[in-house]
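I opened this notebook to record what I looked up in one protein structure. The entries are in the order in which I made them.

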Amino acid sequence: MFTALAQPKTYTSFQDYFVVNMNPDSLEKVVYSHKDDQSRYMHELIWLEYSRYKISDNFGNDLATIQKLVSQQRSGVGIAMYNYLMGIRYKSEDAPKALTYFQKALTYFDRTSDTSGMAHCHLALMRLNIDNFNERVGDIDKAKFHYDKTLSLVETSSDPRNKISLMPRYLAELDLFYQPMTLAEVEKKYDSIVQLVGKYPEMRFMLKDIYLNLSFFYILNKDFQTAINKLNLSLKYAAHCSSYNQITIYSNLASANEGLGNYVEMERYLKKILAAGRSKIGLNDYVIIEANFGMAIARTKTKKVKDLLPYLLAYDSLKRAYTERVKIKELLNLQAKYESEKKEATIKTLELEKQRNEDRNQLIMAGLVLALIIIGIISLLAVRLRTTNTELQSLQQSRDKLYTVIAHDLREPINSIMNVGTLLRFLIRQNRSQDVEKVTQQIDLMGQQTSLLLNNLLEWGKNNHFEQQSSPQPFDAAPLLQELTQVYKGLAEAKGVLLSVVIPDHYTLTANPKDLSLIVRNLLDNALKHT
């Protein structure tokens, strides 16, 4: 067994620690000799502690050292195994703490797809929920979930040793969740597990648990003699174990012998339980209580009544003390639950207050942003309104100026037309037809002149007061100038002015035709007006 320790072993998964050393006291000396190699020492200490859990009363001696080493070495599997061992350490005295440790271990094994590690954690969590219905962790639905996960992992595992280590306990708990198997079916299942142990000799340490769990089925079926035979096999493979690790076997042997009416043997095994002592046996407080009660029954049945009273007194005292501890524990659990709920309520209140403050700040910011947007819109509208007012005032001024110019320039032609009207009536009364014809022609010329003047004024108003955009472009100016000459030729002749245009047949200019026409008309108007 120790030759395997001559060279460092690689530890990467749960299964690397699982093979139990049958002599942990001797293994301890070998492991302690490797203190200089911190990594090796850490992993071998974990192996040692697991072997102690299965074999020795010294389980837990090096958990503090392991904690220090895993924190230094930062080994993932080392930390997971430490959490698993701590879960075992507290499963009987502090279920919530054990639950936390097992869940931490399960998280790592799940992340690394370590089937053995996951299966053992699920099985431990299943037992933790079943055994602690009066604790904060007891939950039958969770227990069934972990039970089903255990079976699923064992069936998909490529390592048959998982079936050896987990199926006996799985089968023992089957009736809690599903229809119980017949005794024949149970025997067949356990026979297959025993045959599998033959292929893996390093797993022979599991025969103790295999026959122990099988004995439960025979006791339930009142086949007490076969149960005793299986328990004797279990005791045979537990010969290397401490008295503490044999207590459950003694308890079942006492029950089986009670079933057969063999109270002498029942008493013998109960005495072994009581002789084991109570150190490190928080788990077996209830077993010790029942052992004292069983001793009282055995004494009564064997008519040894003179020794009956001490066992009854011990039973009563231990029972009351146990009940008191349970009540205190429940009270502490309630207090812890109250403190936890109070803390959660405080945290929730603070979170709500924080949320309200954040919401209020967001509303304030939203209000400020909205106010800035409104101010910006109002400012923009004000600027546009001022611009519009300025433009409107400019337009009004342009309009007034245009009206003034039009009134000034049209006054003379209109007055002339009025005078010509008076002259025309006079000539008609005098029957001066030739003069009437001349006046009529003059009226035509004055109308043409007034029309041209009005058009020029309107074009001038558009260009100067309505900011018409000029678009210069190349064009032939000759037709435009010829046309204007023809328009003003009659007026010119009436005033005795010779008007002619002297340009080529095609004369290209780059200008706006309307602007050019307006300029020429203004020039001709002024020239004819002042000539």
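**Entry 1: ground rules.** I am working with a predicted model, in which local features need pLDDT of at least 70 and side-chain atom pairs count only at pLDDT 80 or more, while totals for chains, interfaces and linings use all residues. Residues are numbered from 1 along each chain as its sequence is written, and side-chain values use heavy atoms, with hydrogens and water left out.

**Entry 2: the whole chain.** I looked up the secondary structure and found 19 helices and two strands. Helices (H or I, at least four residues) and strands (E, at least two) are DSSP runs, numbered from the N terminus. Of the 531 residues in the protein chain, 37% are buried. Buried means under 20% relative accessible area, with a 1.4 Å probe and protein chains only. I also noted contacts, meaning heavy atoms within 4.5 Å. Among contacts with a separation of 6 or more, 65% join residues 24 or more positions apart.

**Entry 3: an annotated stretch.** I checked the UniProt record, an unreviewed entry, which annotates residues 363-383 as "transmembrane region". Such annotations may be inferred rather than shown by experiment. In the model, residues 363-383 are 100% helix and 0% strand, with the end C-alpha atoms 30 Å apart.

**Entry 4: Tyr 50.** I found Tyr 50 in helix α3, residues 38-55. Is Tyr 50 buried or exposed? Tyr 50 counts as buried because its relative accessibility is 2%. Beyond its neighbours within four places in sequence, Tyr 50 has contacts that include Phe 14, Val 20 and Tyr 84. Val 20 is 30 residues from Tyr 50 in sequence, yet their C-alpha atoms are 7.1 Å apart.

**Entry 5: helix α11.** I looked at α11, residues 207-220, whose 14 residues reach 20 Å from first C-alpha to last, close to the 20 Å expected. The expected span is 1.5 Å times one less than the number of residues. Twelve of the 14 residues in α11 are buried, including Lys 208, Asp 209 and Ile 210. Just after α11, Lys 222 takes a positive phi of about 60 degrees.

**Entry 6: the cores.** A nonpolar core is a set of buried Ala, Val, Leu, Ile, Met, Phe, Trp, Tyr and Cys residues joined through side-chain atoms within 4.5 Å. The largest has 98 residues, and Tyr 84 and Ile 210 are among those that touch the most other members. Apart from this core lies another, of eleven residues, among them Leu 481 and Tyr 488.

Conventions. Buried means under 20% relative accessible area, exposed over 50%, partly exposed in between (1.4 Å probe, protein chains only).
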